Amino acid sequence: MNTDKDIVKIFDTTLRDGEQSPGASMNTEEKIQIAKQLEKLGVDIIEAGFAAASPGDFEAISRISNIVEKSRVCSLARAVEKDIKAAGEAVSAAKLKRIHTFIATSPIHMEYKLRMSPDEVIRRAVDAVKYAKTFVDDVEFSCEDAGRSEMGFLKEIISAVIEAGAGTINIPDTVGYRLPHEMGEMIKELSGFIGEKAVISVHCHNDLGLAVANSLYSVLNGARQVECTINGLGERAGNAALEEIVMAIKTRKDIFKDIDTNINTKEIYPASRLVATITGIEPQPNKAIVGKNAFAHESGIHQDGVLKHKETYEIMRAEDIGLDTNAIVLGKHSGRHAFKEKIKALGFDLNEDELNKAFERFKMLADKKKEIVDDDIRMLVTSEITSVPETFKLVRLQISDCSEGVPSAAVTIEHEGEQKTDAGIGDGTIDAIFKTIDRISGYNGTLNDYKVEAVSKGKDALAKVVVKVVFDQTKPAVIGHGLSIDTMIASAKAYVNALNSYLSMKEVLKTKERPQENI
Ligand code: KIV
Ligand code: ZN
């Protein structure tokens, strides 16, 4: 922890606002792995979910509260008693805890969404903060849609909630409406108004592609907490990307001077890969900092310049974000020791059992693939540590000659110690495989999304398949991952993994909608 600097707290909301990205829902094990990585990254506050939204969110926040020690664990809560109670109970085991409560403050939200008068909104906010203080010392209050709220009203409600005990005041640009200079002016005025009475936080959405710029202008004008997500995940166009904010502050010391964060930037790339692997949402290749091309120099002139003197075209070093461009490649002859060292270098902390299982999978892969690069290993290990109980296990898959006749698949699956084999046809091979798995398992999945990607280069690259499947129309889709040299096997594994994930979370899966009622 940096003490003699002017620290901007990093509040990560990947597990809450990030999870609101379409298709980004995660199971509890996956959330726990991300929370552990966020702690390693050095984020000050982890918003682990919205406890009242579903039993699944509640469970994930409670388990994270029991595991994370260095970062503060936070739950979101609307300004209503039942939400605050759930949030307080969910974070109760955390060493450092916070409740984050919010209510909308813009005229349009108060009139049409809340149907409340401004006075009623202030009363609700004050009651919420006071009630939250009965569970935790550290309470954050957000003026939802502050970006479109009136300054006079913001000052009124902020004074009231600080008086009630809020220690952090968050100013969200909920709909991503503000321009950077406007955001800066708003924060400057509020900063003068609030003074030392509370920390000012910002939470910027990216609807106009300005979330990071708006966050940075806010920091320059007095905000000392920034809410952001890994890879910029989040509702609609997403939230401000953590990696971009942190690297801008680090790289432009001439502008940010003594301002710093507690982030260990070498953990940025591992965090980005983990989140992309788990959610199946890859950052665009040209995404700043963590995109595949962010440190790649394609043009000859650039390459020549970089070879002569790196700083000619590079303002940051790949190593600073934990991307090792000279990484040792493993292969068939690499032993357990080399594998263990590589796992350590990639930042994974595996117990003996996990290490053995990951090594077994590595050996199987090395038999088929000549060079195993870091991304292959990241993928293998992530699928090992986030695995759910294998209620159903794919044992064998045989597909028909795809060039002729009706596509068909024969599948063998193990369930409760027994192997069952069946065969079926479909409109295509994937359809045949998934339909056959449905018949054997007795579950009927609706495929909402299917993605396949090569983990690395080469014809022998590992195929990563991510599927999104709905097994119960009253519940949200679950995500399944499958990895194999063979795309069809990876697809079958991904589908079975989605089914296992659904079965492990069935009881706690949130109903399709988050709380919708006006408060
Ligand atoms: O965007 C927003 O306003 C939010 C609040 C709940 C902080 O996510
Ligand atoms: Zn938000």
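**Entry 1: the zinc ion**

Donors are N, O and S atoms within 2.8 Å of the metal, and water is not among the atoms, so a site may look incomplete. I keep that in mind, since this is a predicted model.

I looked up which residues hold the zinc ion (ligand 2). Asp17 coordinates the zinc ion through OD, while His203 and His205 each use NE2. The distances run from 2.0 to 2.1 Å. I then wrote down the spacing of the donor residues in sequence, which is D-x185-H-x1-H. The pair of Asp17 and His203 links distant parts of the chain, 186 residues apart. Asp17 sits in the loop between strand E2 (9–12) and helix H1 (28–41). His203 belongs to strand E8 (residues 199–204).

Are Asp17 and His203 buried or exposed? I checked each value. Asp17 has 2% relative accessibility, so it counts as buried. His203 has a relative accessible area of 4%, so it is buried too. The cut-off I used is under 20% for buried.

**Entry 2: ligand 1**

Next I listed what surrounds ligand 1. The shell includes Arg16, Asp17, His100, Phe102, Ser142 and Glu144. It also includes Asn170, Pro172, Thr174, His203 and His205.

Which strands each supply at least two residues of the shell? I found strand E5 (97–104), strand E6 (139–144) and strand E7 (168–173). Two residues are nonpolar, six are polar and three are charged.

Then I looked at distances from oxygen atoms of ligand 1 to N or O atoms in side chains. For Thr174 the distance is 2.6 Å. For His205 it is 3.0 Å. For Asp17 it is 3.1 Å. Taken alone, ligand 1 exposes 260 Å², and the protein buries 94% of that.

**Entry 3: aromatic pairs**

How many aromatic pairs does the structure hold? I noted nine. I followed two of them.

Phe339 and Phe359 form a tilted pair. Their ring centres are 5.4 Å apart, with 50° between the planes. Phe339 lies in helix H13 (residues 336–345) and Phe359 in helix H14 (residues 352–368), so the pair ties together parts that are 20 residues apart in sequence. Both Phe339 and Phe359 are buried.

Phe392 and Tyr443 make the second pair I followed. Their ring centres are 6.4 Å apart and their planes meet at 80°, so I logged the pair as edge-to-face. The cut-off for edge-to-face is over 60 degrees. Phe392 is in strand E11 (residues 392–399), and Tyr443 is in the loop between helix H16 (429–441) and strand E14 (446–454), so this pair ties together parts that are 51 residues apart in sequence.

I compared the cover on the two residues. Phe392 is buried, with a relative accessible area of 4%. Tyr443 counts as partly exposed, at 24% relative accessibility. Both also belong to a cluster linked by ring pairs, with Phe434, Phe471, Tyr495 and Tyr502.

**Entry 4: His481**

I found His481 in strand E16 (residues 478–484). What does the side chain of His481 reach at 3.3 Å? It is the backbone oxygen of Thr277. The backbone oxygen of Ile278 lies 3.1 Å from a polar atom of the His481 side chain.

Lys36 counts as partly exposed, at 37% relative accessibility. Gln37 counts as buried, at 9%.

I also looked up C-alpha separations. Lys36 and Ala271 are 235 residues apart along the chain, and their C-alpha atoms are separated by 9.7 Å. Gln37 and Gly23 are 14 residues apart along the chain, and their C-alpha atoms are separated by 21 Å.

**Entry 5: positive phi**

Most residues other than glycine have a negative phi.

Arg115 has a positive phi of about 50°. I placed Arg115 in the loop between helix H4 (107–114) and helix H5 (118–133). Arg115 is exposed, with a relative accessible area of 64%.

Glu416 also has a positive phi of about 50°. Glu416 is in the loop between strand E12 (408–415) and strand E13 (418–425). Glu416 is exposed, with a relative accessible area of 72%.

Note on methods. Residues numbered from 1 in each chain as written. Chains lettered and ligands numbered in written order. Predicted model: local features only at pLDDT ≥ 70, side-chain atom pairs only at ≥ 80, totals over all residues. Heavy atoms only, no water. Donors = N, O, S within 2.8 Å, 3.2 Å for Na, K, Ca; no water. Helix = DSSP H or I, 4+ residues; strand = E, 2+ residues; numbered from the N terminus. Buried < 20%, exposed > 50% of the residue type's maximum accessible area, 1.4 Å probe, protein only. Phe/Tyr/Trp six-rings, centres within 6.5 Å; stacked < 30°, edge-to-face > 60°. Near = heavy atom within 4 Å. Polar contact = N/O pair within 3.5 Å; in protein donor to acceptor, adjacent residues only side chain to side chain. Areas by Shrake-Rupley, 256 points an atom, 1.4 Å probe, with all protein chains shown as cover. Nonpolar A, V, L, I, M, F, W, Y, C, P; charged D, E, K, R; others polar.
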